Amino acid sequence: MSYKPAVRSLLQRVATGPVMGRQAENLQALSAVRNLHVSEPLTEIFMINSEDDFKNKVMRNTLPVIVNFHAEWCEPCHSLKPLLEKIAQENEGHLHLAEVAVDEHVDLLQAFEVTAVPAVLGIHRGMVVEKFVGLVSHKEVKGFVEKLLNK
């Protein structure tokens with residue numbers, strides 16, 4: 001589950017706080033988390049940090065995952081990212097979005113034969129079911145997502 005930074009910080013304090021001398025503070029923090037009301041939808045958008053991370057969050061996911069292979073130096077990637085995030089939020093609970101920085105994960109580039117960025121894969125139950133390369137229109141991305149959700 002993805003948490004907002006403030007909630008994540010609170011959970012870390014609860015989980016890592018010293019056992020002796022801070023039980024009351026930890027219990028208060030845990031109580032605050034239990035009573036937390038979130039008004040914005042929580043969307044699963046995650047950065048891939050390793051090959052194992054990719055296997056666990058993408059390949060073993062029961063929901064379809066849009067995998068965005070991007071680079072910091074890629075201008076079209078910067079244009080596509082907000083669109084993918086918006087579409088992921090619109091389809092909350094039906095799919096996830098994974099971000100893969102190509103300069104850091106050459107092994108994944110080779111495994112999925114990514115030769116240009118941006119490259120976007122639709123993966124469902126461990127299989128690539130849809131793919132596009134380059135900057136495409138909003139309508140084409142919507143069509144991509146519809147096909148991914150209907151697989």
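Modeller: Start with the cysteines. A disulfide joins C74 to C77, with an S to S distance of 2.4 Å. Keep in mind that this is a predicted model.

Colleague: How many disulfides are there in total?

Modeller: The count comes to 1 disulfide.

Colleague: What is the torsion about the S-S bond of C74 and C77, and which hand does that give?

Modeller: The torsion is about 85°, so the C74 and C77 disulfide is right-handed.

Colleague: Is C74 buried or exposed, and what about C77?

Modeller: C74 is buried, and C77 is buried as well.

Colleague: OK, zoom out. How many helices and strands does the protein have?

Modeller: There are 6 helices and 5 strands. Along the sequence they run α-α-β-α-β-α-β-α-β-β-α.

Colleague: And what share of the residues is buried?

Modeller: Of the 151 residues in the protein, 38% are buried.

Colleague: How much accessible surface does the protein have?

Modeller: About 9300 Å². Carbon and sulfur atoms hold 53% of that surface.

Colleague: Now the backbone. Which peptide bond is cis?

Modeller: The one from V117 to P118, with omega near -5°. Most peptide bonds are trans, as a rule.

Colleague: Where does P118 sit?

Modeller: P118 is in the loop between α5 and β4. Here α5 spans 106-111 and β4 spans 119-124.

Colleague: What else is in that loop?

Modeller: E113 is found in the loop between α5 and β4 too. E113 is not a glycine, yet its phi is positive, about 55°.

Colleague: Is E113 buried or exposed?

Modeller: E113 has a relative accessible area of 65%, so it counts as exposed. The cut-off for exposed is over 50%.

Colleague: What is phi for R125?

Modeller: Phi of R125 is near 55°. That is a positive value, and R125 is a residue other than glycine. Most residues other than glycine have a negative phi.

Colleague: Where is R125 in the chain?

Modeller: R125 lies in the loop between β4 and β5, where β5 covers 127-133.

Colleague: Buried or exposed, that R125?

Modeller: R125 is exposed, with a relative accessible area of 60%.

Colleague: Give me the backbone list again, quickly.

Modeller: There is the cis bond from V117 to P118. Then there is the positive phi at E113, and another at R125.

How values were computed:
Residues are numbered from 1 along each chain as its sequence is written. This is a predicted model: local features need pLDDT of at least 70, side-chain atom pairs count only at pLDDT 80 or more; totals for chains, interfaces and linings use all residues. Side-chain values use heavy atoms; hydrogens and water are left out. Helices (H or I, at least four residues) and strands (E, at least two) are DSSP runs, numbered from the N terminus. Buried means under 20% relative accessible area, exposed over 50%, partly exposed in between (1.4 Å probe, protein chains only). Accessible areas come from the Shrake-Rupley method with a 1.4 Å probe; for residues, only the protein chains shown count as cover. A disulfide is a pair of cysteine sulfur atoms within 2.5 Å.
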